[in-house]
Amino acid sequence: MSKPSIDLLPTSALINEDGSPLLIAGPCSAESEEQVLQTAHLIKNNVPGVTVYRAGVWKPRTRPNSFEGVGIPALKWLKRVKQETGLKVAVEVANTQHVYESLKAGIDILWIGARTTVNPFTVQEIADALRGVDIPVLVKNPVNPDLQLWLGAIERLNQAGIRQLGGIHRGFSTFDNAPYRNQPKWNSAIEFKRLVPELPLICDPSHIAGRRDLLQPIAQKAMDLAMDGLMIETHIDPSVALSDASQQVTPADLHKLLSSIRFTKEDADGEDHHLLEDMRRNIDQVDKELIEVLARRTRLSRTIGQYKKDHNMTILQVKRWDQMLEDILNKGINEGLDEKFVRAIFQTIHTNSINIQTEIVNGKVEA
Ligand code: PEP
Ligand code: MN
């Protein structure tokens with residue numbers, strides 16, 4: 001996938017100057033003035049490090065007749081949060097009217113929700129409505145696992161002149177999400193960082209997990225993968241929350257959760273990492289050897305394919321594959337490798353070998 005070129009401001013409200021992760025907390029939805037203000041004050045006073053307060057004002061809901069947000073009146077409550085706590089305030093915008101109202105109300109940060117990122121028409125309309133406005137925007141990944149769509153939405157905003165941008169990894173809806181509400185496809189997050197390393201990438205463990213007990217390990221994993229911040233839904237009393245009740249935490253629990261996370265840095269403070277460099281050289285060497293071994297194996301597959309063709313034999317020999325997999329798994333386990341890991345690798349290798357032999361048997365290539 002080609003790397004998009006994104007033009008960003010040298011400093012951004014979405015990146016903490018000291019390199020610490022950007023911490024965003026607040027309720028799924030703004031429900032009442034008391035709920036919004038009380039939650040904000042508790043976060044401000046008891047959870048160090050949180051600098052941005054989130055609250056959904058317009059709620060995209062899967063089914064109708066559920067709470068769809070209080071709309072415009074909530075913007076005034078957020079203005080009070082800003083004045084009374086000094087926290088920056090962030091809301092989700094899903095159409096141009098949301099954009100105009102949020103800008104009018106002095107909202108500091110906008111985010112685009114997963115159900116909006118999937119639609120390039122809507123994203124373009126939002127981008128056009130933001131032309132000439134210098135406001136930071138976070139873009140959640142689309143509901144479906146499509147990295148192009150995610151990057152495309154960011155590019156549309158950037159081309160409209162938005163130069164403080166970031167992504168939010170909130171997991172993807174796939175056929176089998178268990179145990180999550182939305183699968184955290186960590187490889188997509190890693191690929192996102194590889195393609196646009198200059199963009200901060202925030203993790204939203206709340207919408208990945210869908211339940212409180214899974215938040216901690218997800219947040220820790222995000223930090224271990226060098227992600228740049230966390231957005232965690234926090235409600236003064238999650239048991240009565242009007243949306244996403246089972247995934248929200250109290251400000252006190254948020255504090256506990258954040259205190260339990262090991263925050264690390266991708267590049268630790270100016271130290272000389274000789275040892276790490278040596279280990280990396282070793283691992284690069286092993287990777288080269290792996291490729292050479294795979295090339296040798298591939299050449300053998302071709303020869304075997306030719307033999308099977310000459311002797312009119314089927315390519316797949318089930319008994320042989322079954323025995324081979326069992327031997328390999330035993331060997332792997334004896335070497336201290338994870339069984340699932342060995343199985344996945346050998347299934348891939350075997351599938352590739354069958355494909356190569358098929359081409360030879362069908363006469364497409366010479367052995
Ligand atoms: C939300 O942040 O409350 C929300 C609706 O999230 P998502 O767009 O990730 O579903
Ligand atoms: Mn929510």
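I began with the lining of the second largest pocket, which by class has 9 nonpolar, 4 polar and 5 charged residues. My classes: Ala, Val, Leu, Ile, Met, Phe, Trp, Tyr, Cys and Pro count as nonpolar, Asp, Glu, Lys and Arg as charged, and the others, Gly among them, as polar. The volume of this second largest pocket is about 400 Å³. Of its 18 lining residues, G19, A226, M227, D228 and T264 are the closest to the centre.

A note on the ground rules: this is a predicted model, in which local features need pLDDT of at least 70 and side-chain atom pairs count only at pLDDT 80 or more, while totals for chains, interfaces and linings use all residues. Residues are numbered from 1 along each chain as its sequence is written, chains are lettered from A and ligands numbered from 1 in the order in which they are written, and side-chain values use heavy atoms, with hydrogens and water left out.

For pockets and cavities I used a 1 Å grid over the protein atoms alone: a cavity is a set of points where a 1.4 Å probe fits but cannot get out, a pocket is an open set with protein on both sides within 12 Å along at least five of seven lines, and lining residues have an atom within 4 Å of a point. Grid points are joined across faces, edges and corners, and a volume is the space filled by probe spheres set on the points.

Next, the largest pocket: I find a volume of about 710 Å³. It has 23 lining residues, and R297, M324, F346, I349 and H350 are the closest to its centre. The elements giving two or more residues to this lining are α11 (274-310), α12 (318-334) and α13 (339-361); α11 gives the most, with 9 residues. The lining divides into 14 nonpolar, 5 polar and 4 charged residues.

Then I asked how many cavities of 30 Å³ or more there are. The count is 1. The largest cavity has a volume of about 40 Å³, and L23, I24, A25, V50, L230, I232, L254 and L258 line it. β1 gives the largest share of that lining, 3 residues. The lining has 8 nonpolar residues, no polar and no charged.

Last, helix α5 (120-129): T122, V123, I126, A127 and A129 are buried (under 20% relative accessible area, 1.4 Å probe, protein chains only). They lie on the same side of α5, because they cover an arc of only 165 degrees around the axis.

Notes
Buried < 20%, exposed > 50% of the residue type's maximum accessible area, 1.4 Å probe, protein only. Helix = DSSP H or I, 4+ residues; strand = E, 2+ residues; numbered from the N terminus. Arc of directions from axis to C-beta.
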